[in-house]
Amino acid sequence: MRLVIVGGGGFRVPLVYRALSTGRYAGLIDSVVLHDIDLPRLRAIEAVLAAMPLEGPPLTLSTELKDALPGADVVFAATRVGGTAGRVIDERIALDLGLLGQETTGAGGLSYALRSIPYMLELAAMMQKHCPDAWLINFTNPAGMVTQALQSVLGRKVIGICDSPIGLVRRAAQAAGAPLSSGSLRGVDYLGLNHLGWLRGLEYDGVDRLPGLLASPERLAGFEEGRLFGPDFLRTLGAVPNEYLFYYYRRAEAIDSIRAAEQTRGESIAEAQGRSYPELQGPEAFQRWEAARLEREEGYLAEARSAPDGNQEDRDEADLAGGGYEEVALAAMTALLTGERTELILNVPNGGSIAALPHDAVIEVPSSVDASGAQPLPVQSPPTLHQLGLMAQLKAVETAVVRAVLEGDRDQALLAFALHPLVADEQLARQLLKGYEAAFPALSTLWR
Ligand code: G6P
Ligand code: MN
């Protein structure tokens, strides 16, 4: 089986390569093609992989999709169109208007979508041509919007992934004393859109353990989301939100703390990568990458993490237990390629599972995956009015962004910014779009 990684010069690629070379996923993939438009970064990551203390599948590098794609059984896309410099602009233009400036959430995420979607549509068209039977596992952000846009070309052949829902579920399950069984999400009542979801129930041994967890300040203090949102709010809410909901429930605080910091997350990553990439060469490349990776993980979502005692350990432990970035990708790949059924939280078309949302709306829910693709498991209880309201509003925003790109319709882009709950202003929407168009000239070429 051949895996093509699009965005092969990305910093997290060694995680994926390690996961497919050792442990339970070893042997699934027998050749890997790394594709990236940035040759120096591709070479740096190649050096890291070569220096890894393991025997992995043979590698080929490519800077052209037409050379990379033929023969692919599965394509893993984790690209960042516009690079980290683009991320910084997404963040800064929103912040300058007093709004949240973040990679995937709020105005910044919409700007990012307007770059990612056109590129990913090109990739999908190239896949149709060069490897029409291959699966696309999409991590390119904003993953929910991108996955929805690609439905029109790839249909069930594209599956969107994110590491945050399963990370939350594992951390909460550990804190609640409700261990998960492997390959199954039975009892896990999680529902939402990408970077906008809630854990609403956690059944173990026939009993829902979530109410007990929400009632226990001690247990809530034992994991990241519990500390992030605090026991009072969580108890009232009756669910544990995905960490990205911090930007909604603590909007003012998040904006203040990002503005008070010297650098945005994008800026600090740009600086760190400017230092680390040139050093990724020779026999020390792997150790240097590992050190840089640990440093980067310390800052994960740090811009919003005001919890004074925030400790990194529970995230690391839960991720190691299976549920990190590479785990989700490899677990999905295994099920698609071997047909061995598994359950994962994925971005898939709704079908009829949330009655109030359109059938073709991509949602993020526990899903069953096998050789026929992924489909949502029955939703355990309908969303609350609040959850449905926020999901519906964001889905309207996401749908407008996808239409803006597919139809070249600038008004739909304006509508998306105006309707986003973290903008919620038609005049600000105009300023945002103008600002992004000035910073990204390619944007204006989308409009008919
Ligand atoms: C998580 C999210 C990704 C996001 C990333 C940002 O993994 O699921 O969607 O891109 O965090 O991490 P960074 O280290 O780049 O801030
Ligand atoms: Mn994500």
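Which residues of the largest nonpolar core touch the most other members? The points below take this up first and then move to other sites in the model.

1. Basis. This is a predicted model, in which local features need pLDDT of at least 70 and side-chain atom pairs count only at pLDDT 80 or more, while totals for chains, interfaces and linings use all residues. Residues are numbered from 1 along each chain as its sequence is written, and chains are lettered from A and ligands numbered from 1 in the order in which they are written.

2. Nonpolar core. Phe76, Ile137, Ala172, Ala332 and Val401 touch the most other members of the largest nonpolar core, which has 137 residues. Such a core is a set of buried Ala, Val, Leu, Ile, Met, Phe, Trp, Tyr and Cys residues joined through C-beta atoms within 7 Å. Buried stands for 20 or more other C-beta atoms within 10 Å of the residue's own, exposed for 12 or fewer, and partly exposed for values in between, with C-beta atoms placed from the backbone. Helix H5 (residues 107-130) gives the most to this core, with 10 residues. Helices (H or I, at least four residues) and strands (E, at least two) are DSSP runs, numbered from the N terminus.

3. Val401. Apart from neighbours within four places in sequence, Val401 is in contact with Leu110, Ala113, Leu114, Met145, Ala413 and Ala416. Contact here requires that the C-beta atoms of two residues, placed from the backbone, lie within 7 Å.

4. Ligand 1. There are 11 residues around ligand 1, and Asn141, Cys162, Asp163, Ser164 and Arg265 come nearest. A residue is near a molecule if its C-beta atom, placed from the backbone, lies within 6 Å of it. The shell is made of 4 nonpolar, 3 polar and 4 charged residues. In this classification Ala, Val, Leu, Ile, Met, Phe, Trp, Tyr, Cys and Pro are nonpolar, Asp, Glu, Lys and Arg are charged, and the others, Gly among them, are polar.

5. Annotated positions. An unreviewed UniProt entry lists Asp163 and Tyr244 under "active site". UniProt positions are given in the numbering used here, feature names are shortened, and annotations may be inferred rather than shown by experiment. The two positions span 82 residues in sequence, yet no two of their C-alpha atoms are more than 12.0 Å apart, so they gather at one spot.

6. Asp163 and Tyr244 in detail. Asp163 lies in the loop between strand E6 (158-160) and helix H7 (164-176), and counts as partly exposed because it has 18 C-beta neighbours inside 10 Å. Tyr244 is in the loop between strand E10 (240-241) and helix H12 (246-249). With 23 other C-beta atoms within 10 Å, Tyr244 is buried. Not counting residues up to four places away in sequence, Tyr244 touches Thr105, Ser164, His195 and Leu196.

7. Cis peptide bond. The bond from Asn141 to Pro142 is cis, with omega near -10°. Pro142 lies in the loop between strand E5 (135-138) and helix H6 (143-154). Asn141 is also among the residues that come nearest to ligand 1.

8. Positive phi angles. Asp205 is not a glycine but has a positive phi of about 55°. Asp205 sits in the loop between strand E8 (196-204) and strand E9 (207-208) and is exposed, with 7 other C-beta atoms within 10 Å. Ala424 has a phi near 50°, also a positive value in a residue other than glycine. Ala424 lies in the loop between helix H19 (410-419) and helix H20 (426-439) and is partly exposed, with 13 C-beta neighbours inside 10 Å.

9. Strands E7 and E8. In strand E7 (residues 188-193), 6 of the 6 residues are buried, so the strand is largely enclosed by the rest of the structure. Val188, Tyr190 and Gly192 point one way, and Asp189, Leu191 and Leu193 the other way. E7 and E8 run antiparallel and are joined by 6 bridges; strands pair if DSSP finds at least two bridges between them. Tyr190 stands opposite Leu199 in E8. The two strands form a hairpin with 2 residues between them, and His195 in the turn has a positive phi of about 60°.

10. Strands E1 and E2. Strand E1 (residues 2-6) is mostly covered, with 4 of its 5 residues buried. E1 pairs with strand E2 (residues 31-35) in the parallel sense over 5 bridges, and Val32 in E2 is the bridge partner of Leu3.
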